[in-house]
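Please work through the following exercises with the sequence and the structure in view. Each task is followed by a solution in steps.

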Amino acid sequence: MKRAHLTLIGAVALLLTGCGGGDASSGAEAPETSAAAPFTRNGLPPAPDAATADAYIAALRDIDPDIVGDKDPKTVVNRGRDQCTAIAEWPDDEAKLVDLTNRRFTSPDHPEGFGDKKSKRILAVVKEHICP
């Protein structure tokens, strides 16, 4: 019984800290202890500073203002951070990364994404501004 209770507490802690997956819109994550690991414990790169986040948002708006739309900037940044995990997992599979970008970056007017051409540009912006 005690082990089941501890497992349940661990699962709840994962959900409350945002480590259970999803959009990762939680606030600060504890950084990895290893200097060689540029990602936080939950697998995301650290949140960018304000100037970097602003440059990232501006670059996405330059591609298509609807990418950002009226979304909370933190949400848009976290989509990029989520995309970094895919980039780390499939660094040499450009087609997969473009497909994932197209699925991850959507809007009410673009529920299926922004297409391959814009998704390639979005991916380049994510790599430049968000990924370590």
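**Exercises on a helical protein**

Residues 24 or more positions apart account for 58% of the contacts in the protein with a separation of 6 or more, where contact means heavy atoms within 4.5 Å. The model is predicted, so that local features need pLDDT of at least 70 and side-chain atom pairs count only at pLDDT 80 or more, while totals for chains, interfaces and linings use all residues. Residues are numbered from 1 along each chain as its sequence is written, and side-chain values use heavy atoms, leaving out hydrogens and water.

**Exercise 1.** State how many helices and strands the protein has.

*Solution.* Step 1: helices (H or I, at least four residues) and strands (E, at least two) are DSSP runs, numbered from the N terminus. Step 2: the protein has six helices and zero strands. Step 3: the order from the N terminus is therefore written α-α-α-α-α-α.

**Exercise 2.** Decide whether Gln83 is buried or exposed, and list its contacts.

*Solution.* Step 1: Gln83 lies in helix 4 (residues 73-89). Step 2: buried means under 20% relative accessible area, exposed over 50%, and partly exposed in between (1.4 Å probe, protein chains only). Step 3: Gln83 has a relative accessible area of 0% and is therefore buried. Step 4: apart from its neighbours within four places in sequence, Gln83 is in contact with Leu97, Leu100, Thr101, Arg104, Leu123 and Val126.

**Exercise 3.** Describe how helix 2 and helix 4 pack.

*Solution.* Step 1: the axes, lines fitted to C-alpha atoms over the stretch in contact, have angles from 0 to 180 degrees between N-to-C directions. Step 2: helix 2 and helix 4 pack at about 85 degrees, with axes 10 Å apart. Step 3: helix 2 is therefore roughly perpendicular to helix 4, a term for angles of 65 to 115 degrees. Step 4: Ala53, Tyr56, Ile57 and Leu60 in helix 2 meet Pro73, Val76, Val77 and Gly80 in helix 4.

Key
Angles under 35 degrees count as roughly parallel, over 145 as roughly antiparallel, 65 to 115 as roughly perpendicular and the rest as oblique.
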